[in-house]
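Welcome! Take a moment to look it over, then follow the headings below.

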Amino acid sequence: MSVLREMIGNFFSRPVTIRYPWIKVPIPDTFRGRVANTDELCIGCSKCSLVCPAQVITMIDGPRDVVFKGKTLARKKRPQVDLYKCIRCGLCERHCPTGSIHLEHVHAGTGTDRDVRVT
Ligand code: SF4
Ligand code: SF4
């Protein structure tokens, strides 16, 4: 009898789920989403690669002139991240001196391609 009452109650109440992806829940500021890199800010210092506990950041060729603290640097390398091996710890973001590498505030980022990389 209580099941029937619950069914009737649910029939007339609003759904508890939301219509994702049309409606999205707010994401907290501390949310750790997928890693992204703003290439024009990256000076190629390799700090992100050195601190990454999952060792998923490889420094690859990426020559570019980058302005840092008023000086123009001739960058040689840039990071490449194995996205689906990343554990989203946020250490790369914390140690990056330029704010170049960062974790995005989006919860999408799933997929079936294990070789997806971010550079
Ligand atoms: S979030 Fe953590 S695991 Fe992912 S790339 Fe950065 S340091 Fe590595
Ligand atoms: S992303 Fe940041 S820590 Fe990594 S190489 Fe570029 S400037 Fe250095």
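On a 1 Å grid over the protein atoms alone, a cavity is a set of points where a 1.4 Å probe fits but cannot get out, and a molecule sits in one if more than half of its atoms lie within 2 Å of its grid points. This is a predicted model, in which local features need pLDDT of at least 70 and side-chain atom pairs count only at pLDDT 80 or more, while totals for chains, interfaces and linings use all residues. Residues are numbered from 1 along each chain as its sequence is written, chains are lettered from A and ligands numbered from 1 in the order in which they are written, and side-chain values use heavy atoms, with hydrogens and water left out.

Which residues come nearest to ligand 2? They are Cys-42, Cys-45, Ser-46, Cys-48 and Cys-96, out of 15 residues around this ligand; a residue counts as near if one of its heavy atoms lies within 4 Å. The shell divides into nine nonpolar residues, five polar and one charged. Here Ala, Val, Leu, Ile, Met, Phe, Trp, Tyr, Cys and Pro count as nonpolar, Asp, Glu, Lys and Arg as charged, and the others, Gly among them, as polar.

Cys-42 is buried, with a relative accessible area of 7%, whereas Cys-45 is partly exposed at 36%. Buried means under 20% relative accessible area, exposed over 50%, and partly exposed in between (1.4 Å probe, protein chains only).

## Ligand 1 and the cysteines

Ligand 1 takes up the second largest cavity. Among the residues surrounding ligand 1 are Cys-52, Cys-86, Cys-89 and Cys-92, along with Val-56, Ile-57 and Val-81. This shell has 10 nonpolar residues, one polar and one charged.

How many disulfides does the structure hold? The count is zero, a disulfide being a pair of cysteine sulfur atoms within 2.5 Å.

Now to the strands: three of them form an open sheet in the order 2-3-5, with antiparallel pairing. Strand 2 and strand 5 stand at the edges, each with a single partner strand, so one side of each has no neighbour in the sheet. Helices (H or I, at least four residues) and strands (E, at least two) are DSSP runs numbered from the N terminus, and two strands pair if DSSP finds at least two bridges between them.

Strand 2 (residues 57-68) is joined to strand 3 (residues 71-82) by 10 bridges. Along this pair, Met-59 has Pro-79 as its bridge partner, Asp-61 has Lys-77, and Asp-65 stands opposite Ala-74. Two residues lie between the strands of this hairpin, where Lys-69 takes a positive phi near 50°. On to strand 5 (residues 117-118): two bridges join it to strand 3, and Asp-82 stands opposite Arg-117.

## A loop residue

Finally, Arg-14 lies in the loop between helix 1 (2-12) and strand 1 (35-37). Arg-14 is exposed, with a relative accessible area of 78%. Arg-14 and Met-59 are 45 residues apart in sequence and 51 Å apart in space, C-alpha to C-alpha.

Terms used: 1 Å grid on protein atoms, 1.4 Å probe; cavity = no way out; pocket = protein on both sides within 12 Å on 5 of 7 lines; lining within 4 Å.
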